[in-house]
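Have the viewer open and follow along.

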Amino acid sequence: MTCTALTQHRAQLGEGPFWDAPTQALYWVDIAGKQALRLIGQNVQIWQMPEHISAFIPCASGDALVTLSSGVYRLDLDSPGLEPRLTLFCVADPQPGNRPNEARCDALGRLWLGTMQNNIGEHGEDLPLVRRSGGLFRIDPDQRVTPLLLGLGIPNTLLWSDDGTTLLFGESLDSTLNRYFIRTDGSLDAPQVFYSSDQHGGPDGSAMDAEGYVWNARWDGGCLLRLTPDGQVDRKIDLPVSRPTSCVFGGEDLKTLFITSAKSPLNHPLDGAVLSMRVDVAGKLCMRFAG
């Protein structure tokens with residue numbers, strides 16, 4: 001499998017790739033660089049945010065959601081990159097000193113948002129992580145916020161089973177991906193370990209393919225792990241970056257894997273790039289926010 005850089009752009013902390021099949025567009029963010037990015041064809045559009053941003057997800061209504069440090073906002077996609085028009089949608093996590101991290105939409109188009117203690121300085125520098133103050137929140141199109149988990153360190157990976165009864169959700173501080181049964185009232189059962197190891201770096205974001213296998217980016221591991229539906233390592237895919245952060249399936253046949261990455265002390269030439277790689281299995285569609 002051959003990886004290439006999708007664009008010349010390099011992020012400080014690239015994250016949150018989202019493939020929008022109706023428009024054949026790739027959305028992603030640079031958390032530390034405070035940028036929301038969208039690629040359509042060969043054209044990269046960049047919206048400069050006023051705060052750290054962890055996710056950029058198109059909405060059914062035609063605009064997009066961005067998860068910023070002070071809340072979840074709607075972004076007018078027709079607004080200019082240096083003066084983005086933002087409207088506050090909700091504040092999911094009111095805990096001072098927290099920031100958003102992982103965010104994805106489930107099959108019903110509801111946004112699930114994991115938060116954590118802010119560990120990024122104003123100029124993108126690393127700050128020490130000293131507390132598990134994050135949480136997991138579900139945000140409905142009517143702006144209702146439901147807290148699901150508290151006391152999280154670094155939440156990563158949000159994937160659901162086809163029948164919507166099981167959530168795969170990671171805690172990077174523990175190098176663990178957990179499986180949660182979703183109760184009929186929407187709350188989460190106690191976690192069961194799906195995969196736990198720091199042998200190939202730590203778990204970051206993930207994508208699921210059509211066979212139910214999980215492709216997990218390994219921070220500081222320079223690779224992806226393809227995990228079987230029961231949490232065994234199927235294969236390891238080496239990458240030309242040291243800190244892959246997440247991945248998503250895209251392209252017309254959903255057989256192109258797009259991989260975000262971050263800069264690292266190793267200074268590999270492609271660190272911070274979005275990588276593109278053809279694979280032998282199709283992935284599952286990303287869901288827009290239903291609002």
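Two strands pair if DSSP finds at least two bridges between them. Strands here are DSSP runs of E with at least two residues, while helices are runs of H or I with at least four residues, both numbered from the N terminus. The model is predicted, so local features need pLDDT of at least 70 and side-chain atom pairs count only at pLDDT 80 or more, whereas totals for chains, interfaces and linings use all residues. Residues are numbered from 1 along each chain as its sequence is written, and side-chain values use heavy atoms, with hydrogens and water left out.

With that in hand, look at strands 11 and 12: they run antiparallel and are joined by 4 bridges. Across this pairing, Trp112 stands opposite Arg138 in strand 12. Both strands belong to an open sheet of 4 strands, ordered 10-11-12-13 with antiparallel pairing. Strand 10 (98-105) and strand 13 (145-152) form the edges; each has a single partner strand, so one side of each has no neighbour in the sheet. From one strand to the next, the twist averages 20° (axes are lines fitted to C-alpha atoms, for helices over the stretch in contact, and angles run from 0 to 180 degrees between N-to-C directions).

## The annotated region

The unreviewed UniProt entry places the feature "domain: SMP-30/Gluconolactonase/LRE-like region" at residues 13-262. UniProt positions follow the numbering used here, feature names are shortened, and annotations may be inferred rather than shown by experiment. In the model, this span is 0% helix and 54% strand, and its end C-alpha atoms lie 4 Å apart.

## Salt bridges

How many salt bridges does a search of the whole structure find? The search gives 20, counting a side-chain nitrogen of Lys or Arg within 4 Å of a carboxyl oxygen of Asp or Glu. One of them joins Glu122 to Lys34, with the closest N and O atoms 2.5 Å apart. This pair links distant parts of the chain, 88 residues apart: Glu122 is in the loop between strand 11 (111-117) and strand 12 (134-139), and Lys34 is in the loop between strand 3 (25-30) and strand 4 (35-40). Glu122 is exposed at 53% relative accessible area, whereas Lys34 is buried at 10%. (Buried means under 20%, exposed over 50% and partly exposed in between, using a 1.4 Å probe and protein chains only.)

Arg110 and Asp106 also meet in a salt bridge, 2.9 Å from N to O, and Asp106 is buried at 4% relative accessibility. Arg226 forms another with Asp234, the closest N and O atoms being 3.1 Å apart. Here Arg226 is buried at 4%, and Asp234 is partly exposed at 35%. Both take part in a network of salt bridges that links Asp209, Glu211, Arg226, Asp234, Arg235 and Asp280.

## Around Ser54

Is Ser54 buried or exposed? Ser54, in strand 6 (residues 53-58), is buried, with a relative accessible area of 3%. Beyond its neighbours within four places in sequence, Ser54 is in contact (heavy atoms within 4.5 Å) with Gly16, Val29, Ile31, Thr67, Pro100 and Asn101. The C-alpha atoms of Ser54 and Glu102 are separated by 6.7 Å, though these residues are 48 apart along the chain.

Two of these surroundings involve polar atoms. The side chains of Ser54 and Thr67 make a polar contact at 2.7 Å, and the backbone oxygen of Asn101 lies 2.6 Å from a polar atom of the Ser54 side chain. A polar contact is a pair of N or O atoms within 3.5 Å; within protein, one must be able to donate a hydrogen and the other to accept it, and residues adjacent in sequence count only if both atoms are side-chain atoms.
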